[in-house]
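Dear colleague,

I am passing on the structure below, and my notes on it follow. Please read them with the model open beside you.

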Amino acid sequence: MPAAGVVLIIAVVLIVAALVYYLVSTIFALRQIADGLDEAIASVGEIVEKSAPVNGIVTTINEHLDAGVSALEGLLVKKAGMQDAVGLVDGLYPGAGAQGFRDFPDSATVTPPRIAEVYTRGTLTLARLGREAPIAAASPSGGPVLRNVLGGSLAARALYPEVRQSRPSALPRSPIIGTDSPEQYVPSEEPGVRRRMKAKEEA
Amino acid sequence: MTLWWIGDILLLVVVLPVVVYLLHGVLSEARGIVPSVRRIGAAAAAGSKDLDAAPLLLTTQDQVKKTIETVADYGGSLDVIVDDAS
């Protein structure tokens, strides 16, 4: 046999050996893959089986919760009014008032009043009087400042009891003094000494 | 004879490296899939274990139903007791 034939045989043997090695190794790898996929498929089957009733149960729970939310929203709006209801919700959950109620689409446009904010009496007095006026001026409700700048004394009068505001005629009149007063008093001769009355002098 | 030698050289220098390169690539990819498949299997097993608590949703469903009924009763009483806003 010529040398070239021997070399050819050696080359073919090398190629076949490489084929056998790599293909057998690939077969083992594919077998491991198949085993792993079998385990994964078994677990996926368990997942599908266990999660099958979840959709129906969660849907039922959501239906019950939706009914509860609708009833509570309706009750709150009915009892407190739309504006105060939005203010209460916004006070408990800041920012929730902007979303409004689910069953009342118009509630999203209501500006929530500051129901949940607590101020001291002095702060409220300052707000009414308009001193510094940060609270009244920065009111999110957008209303005017409580104090009327031009009639500030009238605004302050609202702090006093009601008898001073609407029934001033019921109060006793102030005494009229001067030379034209209906009742004339004789001036005393000395400071601190009162002049004797006429009736006592005649007696 | 010269052609024979040329064929041998081509077989050893070209064909054999190409075959080895291609088979090595296939084997490498196949071995690279194995850990991924094992991770998928582990994740699926963990997901299946996490869903063991799914039957408790039945209890949750029952509790939600009772809670909503209680809230509805309470709301009905409030509707009678508290005056309307307008």
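Directly after α2(A) comes A:G81, which has a positive phi, near 85°; helices here are DSSP runs of H or I with at least four residues, strands are runs of E with at least two, and both are numbered from the N terminus. This is a predicted model, in which local features need pLDDT of at least 70 and side-chain atom pairs count only at pLDDT 80 or more, while totals for chains, interfaces and linings use all residues. Residues are numbered from 1 along each chain as its sequence is written, and chains are lettered from A and ligands numbered from 1 in the order in which they are written.

α2(A) itself has 27 residues and reaches 38 Å from its first C-alpha to its last, close to the expected 39 Å, the expected span being 1.5 Å times one less than the number of residues.

**Contact between the chains**

Counting two residues as in contact if their C-beta atoms, placed from the backbone, lie within 7 Å, 41 residues of chain A are in contact with 44 residues of chain B. On the chain A side, α1 (3-51) and α2 (54-80) each supply at least two residues, and α1(A) gives the most, with 26 residues.

**The nonpolar core**

The largest nonpolar core has 7 residues, A:L76, A:V77, A:A85, A:V86, A:V89, A:F101 and A:V110; such a core is a set of buried Ala, Val, Leu, Ile, Met, Phe, Trp, Tyr and Cys residues joined through C-beta atoms within 7 Å, where buried means 20 or more other C-beta atoms within 10 Å of the residue's own. α3(A) gives the most to this core, with 3 residues.

Best regards

Note on methods
A residue is buried if 20 or more other C-beta atoms lie within 10 Å of its own, exposed if 12 or fewer, and partly exposed in between; C-beta atoms are placed from the backbone.
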